[in-house]
Amino acid sequence: VAIMPPTAIKREAAGLMAIVEAADTRIDHLARRVDSFLGNYAAYLKPAKLDEEIGIAAAAVGYEKDPVKAAPLHLRLGRLKALAGKNDEALTEWKKGLDIESSSRDALKMEYGTMLCRQNSQTANGRAYARGITMLREVVERPVDENEVDTPGQRTTRAEAAHRLGWAWRN
């Protein structure tokens, strides 16, 4: 026999879930704004200050022992290294998080794939370029698992990966 909760309890639970969903959306929006600010901030740093930021981010990566928690740190450190023109180091940093099931995995694959395409744009028929295209496509085409919450940040990452894939196909 199935237990049927009273309508008042169902209504209260639905209201609480709506509040949680709204809070999740706001937190995700805030996180994207902070990331955007930090990305723009880092773009205008003098080389010495950018190196200092890289050192701080590297220390954070070194401190974090949980691979899932370290994945967004690898993403951030790789982006800083890319801004500094250290593209091979950025690729190495992003690669560390590619096999980890985390909320940053799609962004890591997008950055890694984009950098492979950028670095190998002169040989667009080469294996590295093709691998970059494949990684971008994986992000764009990845189905959302039924147990996964499809956040606005994830949709934004897929849209950005689609844009980058279009750029890569033009080359």
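## The H6–H7 loop

Glu148 sits in the loop between helix H6 (127-141) and H7. Helices here are DSSP runs (H or I, at least four residues), numbered from the N terminus. This is a predicted model: local features need pLDDT of at least 70, side-chain atom pairs count only at pLDDT 80 or more, and totals for chains, interfaces and linings use all residues. Residues are numbered from 1 along each chain as its sequence is written, and side-chain values use heavy atoms, with hydrogens and water left out.

Glu148 has a relative accessible area of 25%, so it counts as partly exposed (buried is under 20%, exposed over 50%, partly exposed in between; 1.4 Å probe, protein chains only). Neighbours within four places in sequence aside, Glu148 is in contact with Arg142 and Gln154. Contact means heavy atoms within 4.5 Å. Arg26 is 122 residues away from Glu148 in sequence, and 18 Å away in space, C-alpha to C-alpha.

## Confidence

The chain has a mean pLDDT of 87, with 91% of its residues at 70 or more. pLDDT is the predictor's confidence in each residue, from 0 to 100. Helix H1 (residues 7-43) has the lowest confidence, at a mean of 77. Helix H4 (residues 87-95) has the highest, at 96. Where pLDDT is low, the predicted coordinates should not be read in detail.

## Helix H7

Helix H7 covers residues 152-170, 19 residues in all. From first C-alpha to last, H7 reaches 27 Å, close to the expected 27 Å at 1.5 Å a residue. The expected span is 1.5 Å times one less than the number of residues.

The buried residues of H7 include Gln154, Thr157, Arg158 and Arg164. Gln154 is also one of the contacts of Glu148.

## Nonpolar cores

A nonpolar core is a set of buried Ala, Val, Leu, Ile, Met, Phe, Trp, Tyr and Cys residues joined through side-chain atoms within 4.5 Å. The largest has 12 residues, among them Leu75, Trp94, Ala107, Tyr112 and Met135. Helix H3 (67-83), H4 and H5 each supply at least two of its residues. H5 gives the largest share, five residues. A second, separate core has nine residues, including Tyr129, Ile133, Leu136 and Val139.

Ala107 belongs to the largest core. Beyond neighbours within four places in sequence, Ala107 is in contact with Leu75, Arg79 and Thr157.

Thr114 lies in helix H5 (residues 105-119). Its relative accessibility is 2%, so Thr114 counts as buried.
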